[in-house]
Each structure stands twice: as C-alpha cells, then as structure tokens.
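I opened this model to look up two things.

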Amino acid sequence: MGMDGFEMKADYGQFMDLKEGWVDRRIFTRDDIYEQELYKIFARSWLFVAHESQLPKNGDFLTTHMGEDGVIVSRGHDGKVRVFLNSCPHRGNKVCFADAGNARRFVCNYHGWSFDGKGELQGVHEEYCYDPGDLDKSKNGLKQVAKIDSYKGLIFATFDNEAVSLGEWLGDFRWYLDCLLDNEDGGTEFMPGCIKSEINANWKFGVENFIGDALHAGWTHDSGTRAMNGGEPFPPVDMANSYHASVNGHGWEFGLEGVGDIFLLGRPKVMEYYNDIRPDMAKRLGEARSKVFGSVASASIFPNVSFLPGISTFRQWQPKGPWKFELKTWVIVNKNMPDEIKSEVTKGVMQTFGPGGAFEMDDGENWENCTTVNRGVVTRHEKLHYRCGINRRVNDHPTFPGILYQGQYNDANQRNFYERWADMMGAERMADMPERYKSVMSGRETRDITGVKAV
Amino acid sequence: MKAQKKEIPLQPYVSMELLTTLTQVLYREARLLDQERYDEWVNLLAEDLHYHMPGIETRYRRDKYDQVADLNRMAYYDDSKEDLKKRLARLETGTAWSEDPATRYVHLISNVEVELTEKDDEFLVLSNFYAYRNRNERDDDMLIGHRSDIWRRVGGGFELVKRQIILKQNILLSKNLNIYL
Ligand code: FES
Ligand SMILES: [Fe+2]
C-alpha cells in the first residue's frame with residue numbers, strides 16, 4: 001500500500017486495450033483513480049506554469065495550480081523565476097490571493113509571516129515570542145518545486161526530484177513545438193489576461209480532444225465554422241496528407257495545407273500576415289513545418305496543456321476532481337507581430353475559442369455529458385471506442401518524428417495519450433516507464449532540423 | 001478609507017420622460033434577448049457599436065493597473081456589430097447542436113440611471129443585470145454584473161453605441177457564454 005492507503009501497484013493497463021482500441025470509462029470517474037492521478041501524473045510530470053512574457057519585471061508574480069496544488073510563480077528581485085507552494089508553512093494558509101501582480105513580498109494573513117519574491121521567510125510578526133531554536137527561518141520558506149526549466153518561452157515546473165530533464169520529457173515533440181514557438185525571430189508572448197471557466201467534465205476529455213480529435217471539428221463545429229467564414233463549411237481533410245504524431249504522450253494532429261486553422265480564425269489580415277512570413281518560416285524550420293503551421297491542426301502537451309497553432313488559443317485543463325476541470329486560456333502571438341495583428345489575433349481567438357466563441361460554445365456541453373452519464377453504474381462499465389485508424393501506423397517516415405499515423409481523422413494520438421497515462425499511473429518509479437518511442441533528435445536544437453532524415 | 005465623493009444630486013440629470021423611455025428600451029432589449037429574437041436585437045445596435053466585456057483578473061487593491069481600459073487584454077467580448085453578427089450567425093446554421101433544445105433565459109435589469117453626455121443625442125445609461133440560464137435537465141447558472149451603455153437617439157428611437165459589461169465572477173462558473181448581456 002502506498003500513500004494514503006491507495007494501492008500503488010495497480011495495473012492501470014487493465015482499464016484499456018489499445019491494441020483492440022477501447023478505454024474503460026471508469027478512468028474518468030473513479031475517486032481513487034483521480035487521487036492516483038494527482039500523485040502519479042501531476043506530482044511527477046513537468047507541468048506548464050507560465051509564459052516568460054507574463055513575468056517581465058522583477059517582482060512580477062502569478063498564481064496557478066500544479067494538479068490541485070496551488071503555486072506562486074514569481075520573478076524574484078534577483079531576476080530568477082521560482083515556483084513555490086501558495087501555502088504558509090506555519091498553519092498552511094494561502095499567502096497570495098491575487099491572480100497576478102507585482103509584489104515585494106507575500107505576507108500571510110493569519111499570523112503575519114512574510115516571504116520575499118524568492119519564497120524565503122523574511123520576518124514574522126511578534127518575533128520575540130520565538131525563543132532561540134524555536135524557528136529556523138532558513139528552513140521555513142514556502143516550499144519550492146523540485147525543478148524549473150523553460151522551452152522557448154514556456155516555463156515548466158515539476159515536484160519530482162527524479163524527473164528527467166525538460167528536454168528529455170518533451171523529446172522529439174520539441175520539433176513540432178517549434179512550429180508554434182519558434183516560427184519567427186523573437187519567439188512568442190502571451191497577450192495580457194487569462195480567461196478562466198469551469199466545466200463539469202473530466203480533465204482528460206479536454207486534453208484528448210485537442211491531442212487528436214480532428215474528427216469532431218467538422219461536426220461539432222459546423223455551425224461555428226460557417227458563422228466565422230460567411231457560410232463556408234469546414235475545410236476538407238486530406239487523409240493521405242495529414243497525420244497524427246505522438247511523443248511521450250504529447251500529440252499533434254495536422255494537415256499540410258498550411259491555412260485551415262488560420263482560416264477558422266476568420267481574420268483575413270492574420271492570414272495575410274502568415275502568408276507574408278511563410279517563405280521565411282520555410283527557411284527557418286524547413287518546408288514541411290512551414291506547412292504544418294496554420295493547417296487544420298491541434299495539439300496537447302502531456303498531461304494538461306493544449307493549443308491550436310494558427311488559431312493561437314493556448315490553454316490548460318486544471319483538474320478539480322474527476323467530475324470538473326477549470327479551463328485557463330491565453331492568447332499566444334509572435335512577439336514580432338505588429339500591434340494591429342496581435343489585436344486581430346486576440347479578437348479572433350475570443351470570437352472562436354473564448355467562452356462565448358463560435359467554436360468553444362459547442363465543446364463544453366459534449367465533454368460534460370461524456371462525463372456525467374457515467375454517474376450510472378451500468379453506463380460506466382461500458383467501454384469507449386478508440387479504434388479509428390488503428391492500422392494506419394506509418395513507420396520510418398523521412399520527415400515526421402514520433403509515433404506516426406496517417407490521416408488526421410484518427411484516434412492514434414488519443415490512444416498514445418492513454419498509453420502514457422497508464423504507463424505513468426502504473427510506474428512506481430519514473431525510470432520503470434516502458435520506452436514507447438526512441439528519440440532521434442535527443443540533445444539537439446530542433447529548430448534547424450528539417451526532418452527525421454536530416455538528423 | 002478614501003475621502004467621500006461628492007454626493008450625487010437626488011433629482012435626475014434628465015427628464016422623467018427620458019428616464020422612463022430609456023428604462024423601457026432596456027426592458028424591451030432584455031425581452032428580445034430572453035426570446036432569442038436576435039434579428040430584432042441587432043437592429044438596436046449602432047453601426048459603430050463597441051460591445052466590450054473584459055476578462056478581469058483578481059488583483060490587490062494597491063495594483064493600479066486598469067484592466068478595463070486596456071483593450072489589448074483578452075475579453076469575453078470586444079466586438080463590433082459585424083463581430084457580433086458573426087457570433088449570432090452560428091445560431092442560424094441549424095447545426096449549433098448545443099443550442100437545441102434551447103436554453104431558457106431570463107434577463108433581469110435594474111438600477112437604471114441615465115445621465116447626459118457631451119453629445120446632445122447620446123446618453124449614458126447605467127444598469128445592473130441578473131441573467132439566469134437554464135438548459136436541459138439541470139444546467140443552471142446566473143451571471144450578475146454592471147453595464148455602462150451609451151444610447152443614441154435616432155429617428156423616433158434609440159440605438160446602442162457602446163456597452164461595457166463587468167461580470168462579477170473571476171472564473172466564469174459555467175461551461176460557456178451562449179448569452180448576450
Ligand atoms: S498560517 Fe501563515 S502565519 Fe500562521
Ligand atoms: Fe472543439
């Protein structure tokens with residue numbers, strides 16, 4: 001028995017058969033499984049916590065969650081970003097109640113302990129009441145995460161001392177991430193603000209939707225697509241020239257037409273902008289990735305971040321129990337874009353993927369009902385179908401890294417996401433995780449690699 | 001505590017007749033929205049409409065950054081009339097699956113105040129809203145907040161030129177915003 005009496009060695013593979021192509025619905029609903037997710041997935045993964053552009057100045061901070069653990073992400077007065085628990089070591093009270101801001105220190109409301117931007121305990125109210133030896137200030141700061149690192153603007157943190165490096169965690173998925181994060185000089189930034197909403201659904205439904213569910217787009221979002229583009233339907237999918245790619249549970253589904261997602265944004269000026277920079281993008285990232293970017297595509301970073309390259313919504317599915325998640329959304333833009341284009345992108349994102357957006361409005365209801373029907377005990381024992389495209393594996397593709405499947409209408413990335421989930425849930429130690437894909441770009445800067453054969 | 005602001009004089013800045021008329025305009029508008037009569041609602045909107053509902057983060061009092069005024073920020077709505085028409089076009093496609101069965105809406109409008117502006121034909125209209133939504137079996141939520149409008153006199157009636165909506169929730173406590181406020 002492990003922590004809190006939960007069975008640590010359970011075989012989570014029993015909840016799915018990915019060779020057959022099904023997943024057991026109880027992984028979306030059981031309290032004990034959810035509790036294990038917090039320990040095994042969220043307390044051991046590299047989790048997205050902020051974009052560097054959200055903390056431009058020393059003293060800037062924001063609050064967020066890693067799993068259900070509330071944390072403060074703070075740029076200390078030494079300019080370094082740190083991540084620590086938003087919980088006072090004295091009696092545990094929350095020490096920061098703002099979503100974001102700039103602070104010299106965080107003072108606890110309960111007994112007045114105060115912490116600096118590094119999370120270190122600076123002072124305590126009525127300090128004379130502590131006799132020598134009662135309180136070692138150097139040992140009573142806010143608990144820091146085990147590791148912090150960033151990839152091209154995205155800051156990640158992990159609670160796990162034994163975690164592999166962020167580079168290894170992302171692996172060859174970095175090659176795809178460059179399409180979003182490194183398609184132009186200057187990289188990316190978040191527009192100011194963060195819109196949050198609460199959805200009564202299991203967090204994995206959000207992740208798996210973005211990791212590979214192109215199929216729902218043409219149906220669920222028929223109305224949104226037509227609304228944004230003067231009645232035109234969802235762009236046709238070219239099954240021969242589109243793929244699912246999965247690395248370490250991260251996944252990207254994409255076409256190669258280069259314009260589909262930008263078209264869905266419904267902002268012609270943004271399309272013009274990308275058309276203008278595309279030749280440079282091709283020089284920078286190679287022909288293939290300049291076409292991956294902007295095509296009908298969606299992606300998730302394991303375990304709980306998703307985005308739409310070309311549409312520019314960036315989001316995190318924060319777990320709040322098996323039946324609920326909080327959706328945090330941002331707008332990601334290229335730093336070098338003129339202000340007018342940044343503003344066009346922002347408006348476009350909010351009109352498509354804001355809570356009142358023509359697309360977003362139809363998603364939440366699906367995920368909620370996929371979840372809540374499983375209150376029925378008979379219902380929750382029915383298996384879910386994940387077999388689409390199961391025989392379309394592509395081996396040794398000359399360009400695209402990862403576990404590759406042909407045709408973007410596919411359940412491949414979803415299957416690989418759940419495989420990673422089960423591997424991690426079942427692994428006592430991360431080092432015991434089976435290797436599902438062998439990296440070909442390990443340790444190398446991926447921007448300059450045009451494709452697998454070029455390695 | 002800050003020094004007390006000057007008391008607002010009790011007599012209205014505008015005639016009772018204008019106050020009553022604009023209040024009726026708001027009630028009429030609310031009824032159109034309750035009944036999903038969006039074509040008629042759009043007719044109330046000026047060509048130069050700015051319909052703005054900022055996303056507001058929780059910040060400390062000492063933080064003087066004006067989130068409402070910063071139009072670069074993400075917003076639930078930051079729309080022109082054309083933008084709103086696009087959103088509404090979704091309902092006309094017949095394939096907005098999550099709108100069928102229909103959502104049941106009630107817009108309650110209160111605390112109406114009308115003030116003159118520098119322009120003879122434009123009026124500042126402040127109000128509070130309590131918007132109730134219920135759909136399917138037990139989807140149920142309420143949205144409460146303030147509105148600050150500019151209404152312009154045109155012909156025999158009024159058109160909405162500007163609306164700023166301040167929702168009093170930090171996290172939108174529902175799955176979407178299939179509603180206009
Ligand atoms: S709980 Fe924070 S000072 Fe006591
Ligand atoms: Fe969707």
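**Set-up.** I am working with a predicted model, where local features need pLDDT of at least 70, side-chain atom pairs count only at pLDDT 80 or more, and totals for chains, interfaces and linings use all residues. Residues are numbered from 1 along each chain as its sequence is written, chains are lettered from A in the order written, and side-chain values use heavy atoms, without hydrogens or water.

I looked up the largest pocket and found a volume of about 920 Å³. A pocket here is an open set of points on a 1 Å grid over the protein atoms alone, where a 1.4 Å probe fits, with protein on both sides within 12 Å along at least five of seven lines; lining residues have an atom within 4 Å of a point. Of its 44 lining residues, A:L62, A:D99, A:A100, B:E57 and B:R59 are closest to the centre. β4(A) gives the largest share of the lining, six residues. I also noted α10 (339–353) of chain A among the elements that each supply at least two. Helices are DSSP runs of H or I, at least four residues, and strands are runs of E, at least two.

**Contact.** I count 46 residues from chain A and 40 residues from chain B (heavy atoms within 4.5 Å). Six salt bridges link chain A and chain B (Lys or Arg side-chain nitrogen within 4 Å of an Asp or Glu carboxyl oxygen). One salt bridge pairs B:D83 with A:R267, with the closest N and O atoms 2.9 Å apart.

Key
Grid points are joined across faces, edges and corners, and a volume is the space filled by probe spheres set on the points.
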